Number of protein chains: 2
Amino acid sequence: MPSRKPIRVALLGCGTVGTEVVRLLTDQAADLTARTGAPLELAGIAVRKPNKHREVPADLLTTDAEALVASDVDVVVEVIGGIEPSRTLLLGALRAGKSVVTANKALLAEHSAELFEAADGSGADLYFEAAVAGAIPLLRPLRESLAGDRITRVMGIVNGTTNFILSGMDSTGASYAETLEEATRLGYAEADPTADVDGFDAASKAAILASLAFHTRVTAADVHREGIAAVSAADIAAARGLGRTVKLLAICERVTGEDGQESVAVRVHPAMIPRSHPLAGVSAAFNAVFVEADAAGEMMFYGQGAGGAPTASAVVGDLVAVARNLVHSGRGPRESAYAALPVRPMGQTPTRYHISLDVADRAGVLSQVAAVFAEHDVSIAAVRQEGRVDDASLVIVTHAATDAALRSTVDKIGGLPVVREVVSVMRVEGEES
Amino acid sequence: MPSRKPIRVALLGCGTVGTEVVRLLTDQAADLTARTGAPLELAGIAVRKPNKHREVPADLLTTDAEALVASDVDVVVEVIGGIEPSRTLLLGALRAGKSVVTANKALLAEHSAELFEAADGSGADLYFEAAVAGAIPLLRPLRESLAGDRITRVMGIVNGTTNFILSGMDSTGASYAETLEEATRLGYAEADPTADVDGFDAASKAAILASLAFHTRVTAADVHREGIAAVSAADIAAARGLGRTVKLLAICERVTGEDGQESVAVRVHPAMIPRSHPLAGVSAAFNAVFVEADAAGEMMFYGQGAGGAPTASAVVGDLVAVARNLVHSGRGPRESAYAALPVRPMGQTPTRYHISLDVADRAGVLSQVAAVFAEHDVSIAAVRQEGRVDDASLVIVTHAATDAALRSTVDKIGGLPVVREVVSVMRVEGEES
């Protein structure tokens, strides 16, 4: 192979992921050169605090990210996270024809249209495999491998922190607050856990997955989002009693309305799934995503969803792809948003509920409760009633109905004099409806 | 988007997969055009028997595959299978600068070097996602997503027929012959099941996976291959007794010798795996493949491994990629065989054995058997001895040793006077060694 001019790489950010990117570029230099067709040369590393101890060459560090991007680099790799200054830096790079590799889910979920537009204007590449599900090759399969198929559903566990907490609550019976404290102590949750526990992180990832799966622009604001802070030990116990467990799921669906109009429904919320479901066994920091397509059927992708080395693997994989495109004058896939399907509001999205009630133990209770379901056109799939000394527990699992109808049903039932307490309300996923 | 000249596609073969390819190209024409940037136009379909009933446009059928390839087509899609005439037709297409999409595992496993050379000579693309694990996006992740990482191991179930038979033997306790008969009756096995049950199909796929994972040319002849015909009901029962099940596995490993020299070991054989292992639950026609890489860690890919529609999904996904490259003057990944690692013979490959013996029930038997293991430097991980009226059963699981040492050990033990019968010998995978 003739020796080629090196591909010059600017690295923006040097935390856990950035450090691992530098390590892979160094340790695997000969392999990466052979795979790319040209050496990958690190031109500089932009950081905020240059004096912090880092396992990277000190002479590459700079605090001037803007100047680094504007210098004679071919590719910009961004692992800073957050919207600014990443957005401005990457738009500048793309407009100048420099390809971009980013792990920034928040940025992609908010501003992908703008970023793709800048990339298309100059012919630069935009790759972001590391933004969702860490090391698991998931975006490339959606963008490329399944480009000949019609994807109908993407559902998975895409946030390790909430998965660690819910798994912990399930195995110990402890409360949410106790388990969050434990997760923080062990480093599974950040000091401010909001982005994870309130579902913002998962919602960003759901927006990215839905955009790619349905060829439609979906932003984080389009995603119905519920976190796990309201999941109680009672919810977990109720799930366990039914042979189910609770997971925070990101769900992207193609929904056809009664008028035949296709739309996409994208949501993040805790849900009960059967313990026999493959997602039920996914523990701690692992991620797993199911994809369903018309011709391909059901597929699952599983692996480490976060962490320095796994995320860096995805970043450097993208970097090799971008560099190969530069060597061979190729071009990666562009934005594909031609379908432009409308986003379906959560109220009109079909879901299923599990409802656990404390009721007076006397004749006629079930018929009063059932009447409320019938009023709202919600069909009941299963009922279990257990008497105790003074009262009874009534557990109901519904068939699919719109989320609005289910919510109204629960509100009305909560107001019935025979209902002492609504113990647990949780959506149900992963089984035949 | 400006209207582009159609991409003209020649389809070679029109069996189950070919028919589904035509259906996808027809049903999804508008979507595929939007995703590709140009219409995909079927120029002709080469078949041997044009009068057979098929659900495809009759005016596209031709018996002259050579003329179809030589006509003004841009891409050749091959779903005939087998070596010839596919090899000659595809070499002709690639040399003429026409990109190729193929589902032909046997051809890729034997002649990929020649095919890639032809592709590189003319700048054409060669894609073959459908050749391994049907609809599961697996080759693109290996070729592209993990290009920045160091893959150490690929292990999986890649043949649906043998998986159906072994699952059946496990759940019914029936013999291999009975279960094969059932599989044939249900259409899971072909009239001549040799390619599947003797492991040829899995060996071709293992060769392809190893080539991509280790950047080394591996052909089917380099793969150690054992089929499932010798798996007995006693083997299955022995596995069950140990909380294990038997699967036909394709295993591709990077092995570092005592001299520090890296090599690749590629093998297909039945093996016991723990029932708790994710591969144990993969049933019937599903495929699942584990990939381990230094930075990314462990990943799993799961889905339908065969069948018309799933395979067609992979073929059309590749077709969109190839067509996009034509529209945007891009280029797909080339052969990457720079590492050129030596292939390690099976005898020198580390494996673990499970051995079940019928022995005389008297003192000193275990010490005689254990002495043979010690002689061959094979370390024992676990022993279970159960006495019966006249004799005893002795079950031994070893630590990792070279396959040659393990085979010699078993041979010698079989000749000990205190050993009445070697009931079952099976390799063990999927647990800590």
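## Two copies, one shared surface

The copies meet through the same surface, because 100% of the interface residues of chain A are also interface residues in chain B. Keep in mind while looking around that this is a predicted model.

How do the two chains relate to each other? Chain A can be laid on chain B by a turn of 180° with a shift of 0.0 Å along the axis, and the RMSD is then 0.0 Å. The two copies are therefore related as by a two-fold rotation axis. To find that axis from chain A, look for Gly330(A): in this chain its C-alpha is the nearest to the axis, 1.9 Å from it.

Now for the sheets. In chain A, 6 strands make an open sheet with parallel pairing, in the order S3-S2-S1-S4-S5-S6. Strand S3 (61-62) and strand S6 (126-127) of chain A stand at the edges with a single partner strand each, so one side of each has no neighbour in the sheet. Chain B also has an open sheet of 6 strands, ordered S3-S2-S1-S4-S5-S6 and paired in parallel. Its edges are held by strand S3 (61-62) and strand S6 (126-127) of chain B; each has a single partner strand, so one side of each is left without a neighbour.

| Strand pair | Residues | Sense | Bridges |
|---|---|---|---|
| S1 and S2 of chain A | 7-12 and 40-46 | parallel | 6 bridges |
| S1 and S2 of chain B | 7-12 and 40-46 | parallel | 6 bridges |

Within the chain A pair, Ile7(A) stands opposite Leu40(A) in S2(A). Helix H1 (residues 16-27) of chain A packs on the sheet, where it touches S1 and S2 of chain A, and its direction makes about 155° with that of S2(A). Over in chain B, Leu11(B) has Ile45(B) in S2(B) as its bridge partner.

Two packed helices are described by the angle between their axes and the distance between the axes. For helix H4 (residues 86-95) and helix H5 (residues 105-122) of chain B, the axes come within 8 Å and cross at roughly 20°. An angle under 35 degrees counts as roughly parallel, so H4(B) is roughly parallel to H5(B). Their crossing is right-handed.

Which residues make this contact? On H4(B) they include Leu90(B), Leu91(B) and Leu94(B), and on H5(B) they include Leu107(B), Leu115(B) and Ala118(B). The contact of H4(B) with H5(B) divides into 7 nonpolar, 3 polar and 3 charged residues.

Key:
Residues numbered from 1 in each chain as written. Chains lettered and ligands numbered in written order. Predicted model: local features only at pLDDT ≥ 70, side-chain atom pairs only at ≥ 80, totals over all residues. Heavy atoms only, no water. Pairing = 2+ DSSP bridges. Helix = DSSP H or I, 4+ residues; strand = E, 2+ residues; numbered from the N terminus. Least-squares fit on C-alpha atoms with pLDDT ≥ 70 in both. Contact = heavy atoms within 4.5 Å. Axes fitted to C-alpha atoms, helices over the stretch in contact; angles between N-to-C directions. Parallel < 35°, antiparallel > 145°, perpendicular 65-115°, else oblique. Left-handed = near helix turned anticlockwise from the far one by under 90°. Nonpolar A, V, L, I, M, F, W, Y, C, P; charged D, E, K, R; others polar.
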